[in-house]
Amino acid sequence: MSLIVLGSGNHVSAAESAMNPLPNIVFILADDLGWMDTAVYQRRYEKEAYYETPNIDRLAAQGMLFTQAYVSPMCSPTRAMLLTGINNAELGIIKATVECPHDQNCDEIVAPRYEAAFAVRPASNRMFLDGKYETFAEALSTNGYTCGFLGKWHIGYHNTIASATPMAQEFNVIAYYDTGGSPYRDWYPNWEKFGKPMNEPKDCYLTVAESHAACRFIEQNKKNRFLLYYCTGAVHSPWEDDPASGYREHFERKGRQGWMDDRVEPYPVYAAMVKSLDDAVGEVLSKLDATNGPDGRPLSENTLVIFLSDNGGINREQFAPEGSPLHNKAITSNYPLRGAKGNVYDGGIRVPFIIRWPGHVSPQSVCDVPIDAGRDIYSLLCEVGGIKKKADAGSILALLKNPKDAAGYGRDTFFYHFPFWWPAAEAGSSLPKDPPVSAVRKGRYKLIYYYTGKMELYDIEADLKERTDLSEKMPEKTEELRQLLQTWLKTNIAPQYLPMQNPNFDQRTTPYGQFRDPMGLWPNN
């Protein structure tokens, strides 16, 4: 299959562009959609699927499905990483931005003393993406792309920093909101307060309104070279289905049919939201099919379509108060993966990732090579848009040509950093919170390091569920990855974004085990 060949400079030459016209790009980013929340992924493990996603399934049938695509365990960090191609921890954006006490740099101020049961205090967190970093919209706009943005932003500290809006990052903004979630049935006030609302009926269900706005952008730019970055609010909380669709009632009748996890019950409201998201994807794909570009062909024939989620699914509702019917409720299940949004087991960081590019990507192809999608999509967009990729980036483009070309992809080591005490992601956890954590995956092995001193080692290829800790059986591999992670932390992460010792810690009160510091981050310990 023919692939775009880059010229000797940062852009393709005019002759090369004539031979290989640069594609339009539609990048759909789902919110909190788990690895097993689409039928096409679920059917890789079961004959029957609970979730119903015919349009996302069709996208995969027409392109390439990635089985090991990784991002950050939370939304704002992934969004910052996607835009810049830089690991989010190096940017200081490590968790979802929230209103909190902060310093002049908009770094969260952490209380100097913490509860005695916790050996370390959590790290600080940067509340916005600094405008000094080049985004893929800024890069592609230099090569003739009109870059549209629609939907959830969540990296501008709730629309309070002018240099951190999508407009400041070279996007032609359709509409956006800069918060974690948006109501689905009464979305307009949130978009008006924290961004720019859509020009859609205020009583229109959010996911439907977004898809209409996305299709209008495609129509308006059909004669241009365009990128549409469509960051839908679906399927983030609040859990609100579209009453007009009848989907909730459909899944209530469906019961457990196709449901894989015997430990929990499916949630029909969430399943209905997923199906509405799939409808929105289908509307965009149909619009590309039905709209001709400047060459008279349907836009779909020369449009790269990307579908990705920003983090793993939510195994349980961690923040609903006691007494609420949603308290600790399973929203979805990432089974067979362990973990969920907010931790670094694969259930929190492995996500659905699909690419369709007619004439360049073989239909029904599957890539099993582990990839750092959060970092490397930036360079993919640059490469297909006629701009050289970052020198240190992995080449997803090489995998689109040959899904087994791990050497061509060029990277086998990925780092994760979530240095916060976080409500336990899995129901039934013996501890109320997951400790601050960092992790490294190199090849088939992943080391998880908790800042209480505990380490876990997993062979991801042999142990998809991450149930067999090999750290004691394989001390040399554990030490190899510990040193690799230690070097990365000390070299790349600013001190304020590392956990700090808690002067109030009392070893006698903690349920988290004997505190150790094998990473050597606190030399006086």
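The model is predicted, so local features require pLDDT of at least 70 and side-chain atom pairs count only at pLDDT 80 or more, whereas totals for chains, interfaces and linings use all residues. Residues are numbered from 1 along each chain as its sequence is written, and side-chain values use heavy atoms, with hydrogens and water left out.

Helices (DSSP runs of H or I, at least four residues) and strands (DSSP runs of E, at least two) are numbered from the N terminus. Strands are taken to pair if DSSP finds at least two bridges between them. On this basis, nine strands form an open sheet with mixed pairing, in the order β6-β5-β4-β7-β1-β8-β9-β2-β10. Strands of a sheet pair through backbone hydrogen bonds, in either a parallel or an antiparallel sense. The antiparallel sense applies to strand β2 (residues 64-70) and strand β9 (residues 350-356), which pair over five bridges. Within this pairing, A69 has V351 of β9 as its bridge partner.

Helix α3 packs on the sheet, where contact (heavy atoms within 4.5 Å) is made with β2, β8 (303-309) and β9. Directions are compared through axes, which are lines fitted to C-alpha atoms, for helices over the stretch in contact, with angles from 0 to 180 degrees between N-to-C directions. The direction of α3 makes about 60 degrees with that of β9. Helix α10 lies across β1 (24-30), β7 (226-231), β8 and β9, and runs at about 170 degrees to β8.

Burial is expressed as relative accessible area (buried under 20%, exposed over 50%, partly exposed in between; 1.4 Å probe, protein chains only). Helix α4 (residues 75-84) is mostly covered, with 10 of its 10 residues buried. Among the buried residues of α4 are P77, R79, M81 and L83. The residue that follows α4, G85, has a positive phi, near 75 degrees.

Salt bridges (a side-chain nitrogen of Lys or Arg within 4 Å of a carboxyl oxygen of Asp or Glu) number 35 in the model. The side chains of R375 and D392 form one of them, with an N to O distance of 3.1 Å. Because R375 belongs to helix α12 (residues 373-384) and D392 to the loop between α12 and α13 (396-401), this pair ties together parts that are 17 residues apart in sequence. R375 is buried, at 13% relative accessibility. A salt bridge within a helix is provided by E480 and K477, whose closest N and O atoms are 3.2 Å apart; the two residues are three apart in helix α15 (residues 475-492), a separation of about one helical turn. Both members are partly exposed, E480 with a relative accessible area of 37% and K477 with 22%. E249 and R248 also form a salt bridge, with the closest N and O atoms 3.1 Å apart. E249 is partly exposed at 29% relative accessibility, and R248 is partly exposed at 26%. A network of salt bridges links R185, D241, R248, E249 and E252.

Aromatic pairs are assigned to rings of Phe, Tyr and Trp (its six-membered ring) whose centres lie within 6.5 Å; planes under 30 degrees apart count as stacked, over 60 as edge-to-face and the rest as tilted. The count comes to 35 aromatic pairs. Y50 and W259 form an edge-to-face pair, at 5.2 Å centre to centre and 80 degrees between the planes. Y50 lies in the loop between α2 (39-42) and α3 (54-61) and W259 in the loop between α9 (247-254) and α10 (268-290), so the pair ties together parts that are 209 residues apart in sequence. Y50 is buried at 1% relative accessibility, and W259 is buried at 11%. Y177 and W191 form a tilted pair, at 4.7 Å centre to centre and 45 degrees between the planes. This pair links Y177 in strand β5 (residues 172-177) with W191 in helix α7 (residues 188-194), 14 residues apart. Y177 is buried, with a relative accessible area of 0%, and W191 is buried, also with 0%. One aromatic cluster is formed by F27, F136, F149, W153, F171 and Y229.
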